[in-house]
Amino acid sequence: MAGYQTGELELLAPARNTDIGIAAIDCGADAVYMAGPRFGARQAAGNSMEDLERLCRYARRFGARIFVTLNTILYDSELDDAYSQLVAAQDAGADAVIVQDMAMVEMVRRSGGRITLPLHASTQCAIRTPEQARFYEDLGFSRLILERELSLEQIRAIREAVGCELEFFVHGALCVCYSGQCYMSEAITGRSANRGACAQACRALYDLEDGTGRTLVKNKALLSLKDFNLKDRLGDLAEAGITSFKIEGRLKNISYVRNVVRSYSMAMDRMIQDRRMDRMGTCARRTSYGTVSGGFTPDLDKTFNRGYTSLFIDGKRGKWSTYDSAKGMGEEIGTVSSVNPEKTSFRITPGKKWSADSRGNDAGGKAPLELHNGDGLSFVARNSEVVGFRADVCHGLEVRCKPVAGLYQGARLFRNVDAAFEKEVENDTPLREIGVTLEICIHENGGIFTMTASATSEDGRKAVKDFPAGDRQAANRGRMESIFAGQLSKSSGHYRFRPVLHLEDAHAIPFMSAASLNSIRREMASELDKAPCIAKPLMNRTMLLHSQRKHGIMPVHDVTYKSNVSNRLAEKTYGALGAHSIEKAFEIEHKRDAELMRMKYCIRYELGMCPKEKAVSKGSQDREGPSVPGVSGGRLFLANNGRRFPLLFDCGACEMAVLSDKR
């Protein structure tokens, strides 16, 4: 291992805006990633520097960190603006910047020490081998955000190769293609995924055709994957060397972020309480401070999802795709048992998760299915379209609503919005507080009492202040001690105090009102606020950029379009590293023979047609998904809106590629 050693683990949450970022911190996030005004990989999630600064100030309360996404590829005309934004992010208080474009490396080098922000290599860099990892570490990146399709074994190999921090996605939407190397949107619409304008071609409906033009599968979301969910695998990831667990969703709403962050934060706390240790034998701990308590009970099944998968984490393939819909169907609640002729009401038979009737009277102790006015429901119509609608009025298992086209008896019904749960998430928010030990020393001199309060926060800040305590001795010592403990153990601001009382005279204690004790507690909170939370150190290799570079660190000498070189600075960086040839980014020059996507996902495997599984036709009868007859013509194509994209099956690498239709 390359000198790596840490027991600190981070839960990293997404934020579309400052309010969502604050909500994520309140629910237990150790860090938040958010875009500035431009150059984030989600065009619809930009924020002003004033908003970023406000989020940074709030994060400082708990020693949480803010990472700025500046991870699109850049054109020459944008380099000056990108540099200005990099400087502004640092001045606003950001802790690191997430980048993809190699021009950012050159900008930091040229800044002459003006920019000291650590650089994190975006998942758009598609890091999935030890050689790639060493390349970015040698350039000075302090953290690598790894490709999602890796197994634990592959993560361990990368961990052994580098000493920098490793970050890994654990929850949220999955791109079917290797990150940063999807050119489908650019090829079809001119909207580049590498510039934050993805048209989500992987969520579109396609026909699967063979070489003769015969349709094998009609109008299915053949490239759409389920959502990632590794909540129960955090310990395995930590032991493999992951230090930051990342939640996807910078376009998601505040309810989604609260629910997912709270769920994963609780899972991390349980893992740490179980004394799970990292590979160096160090006991794990969170990178920020504060304890989250109270609030709603999280439930990942009630948050937007397309069904969940652990993808390739165990090095095995599974059922990853969502054929019928790229939308979030929600949790399955049962089947439609009857529909009235006007289709303005219908009844539901609950699924196996719930009891057989609305009162929960069946054996087994299952909970009853409770429907609420305003619930969002969905089903797949007979024409394969997903239909969503709202339940206006619910009486037990009967639902009244506006006429729903295509609703039929026997339809599998899903709930994608639980109105009661959404209300709970909105109104019953958790409370995050910094623990403070408050030592109270009481002195008595000639009948006059004085008090010295000494506060020590869990992050190590200290505050000491003297207070007058009057000249009146409490008649009932035990009762007065109880009042001291009760009033001083409450919260003030974002601090939760734990008082420890010291008396010079074992028998004398002053009489103090609840109001005066509350005032002392508030003043000590104010004293602690005068110093920022002492954040745990963040790895920073930025100052090493180029100064300790190893010669010959290029993993390859021919830089292809997949390296996304779109400006002169990136080209210069690769050239200085010894690249023999440098192709321009696909966004600059469309290659006729380009792979528009390359992925671990394989349509042939999903449909039971994998030659390695020896299940070309027989297996399709045993697997979930569309049935597929024998293939004619030797090749397969994805057809959509008059365009026909060849599929390449690289069985040696166990990968599939979608090729340009202009070959």
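A nonpolar core is a set of buried Ala, Val, Leu, Ile, Met, Phe, Trp, Tyr and Cys residues joined through side-chain atoms within 4.5 Å, where buried means under 20% relative accessible area (1.4 Å probe, protein chains only). The model is predicted, so local features need pLDDT of at least 70 and side-chain atom pairs count only at pLDDT 80 or more, while totals for chains, interfaces and linings use all residues. Residues are numbered from 1 along each chain as its sequence is written, and side-chain values use heavy atoms, without hydrogens or water.

**View 1. The largest nonpolar core has 172 residues.** L144 and L223 touch the most other members. Helix α9, residues 254-273, gives the most to this core, with nine residues (helices are DSSP runs of H or I, at least four residues, numbered from the N terminus). Another core, of 22 residues, lies apart from it and includes V336 and W354.

**View 2. Surroundings of L144.** Beyond its neighbours within four places in sequence, L144 is in contact (heavy atoms within 4.5 Å) with residues including A121, Y136, V162 and C164.

**View 3. F135, Y136, F141 and Y574 form one aromatic cluster.** Rings of Phe, Tyr and Trp (its six-membered ring) pair if their centres lie within 6.5 Å, and planes over 60 degrees apart count as edge-to-face. F135 and Y136 are edge-to-face because their ring centres are 5.0 Å apart and their planes at 75°. Y136 also pairs edge-to-face with F141, at 5.6 Å centre to centre and 75° between the planes. Relative accessible area is 4% for F135 and 1% for F141.

**View 4. R644 lies over the face of F637.** The distance to the ring centre is 3.9 Å (the criterion is NZ of Lys or CZ of Arg within 6 Å of the ring centre and within 35 degrees of the ring normal).

Technical notes
Buried means under 20% relative accessible area, exposed over 50%, partly exposed in between (1.4 Å probe, protein chains only). Helices (H or I, at least four residues) and strands (E, at least two) are DSSP runs, numbered from the N terminus. Rings of Phe, Tyr and Trp (its six-membered ring) pair if their centres lie within 6.5 Å; planes under 30 degrees apart count as stacked, over 60 as edge-to-face and the rest as tilted.
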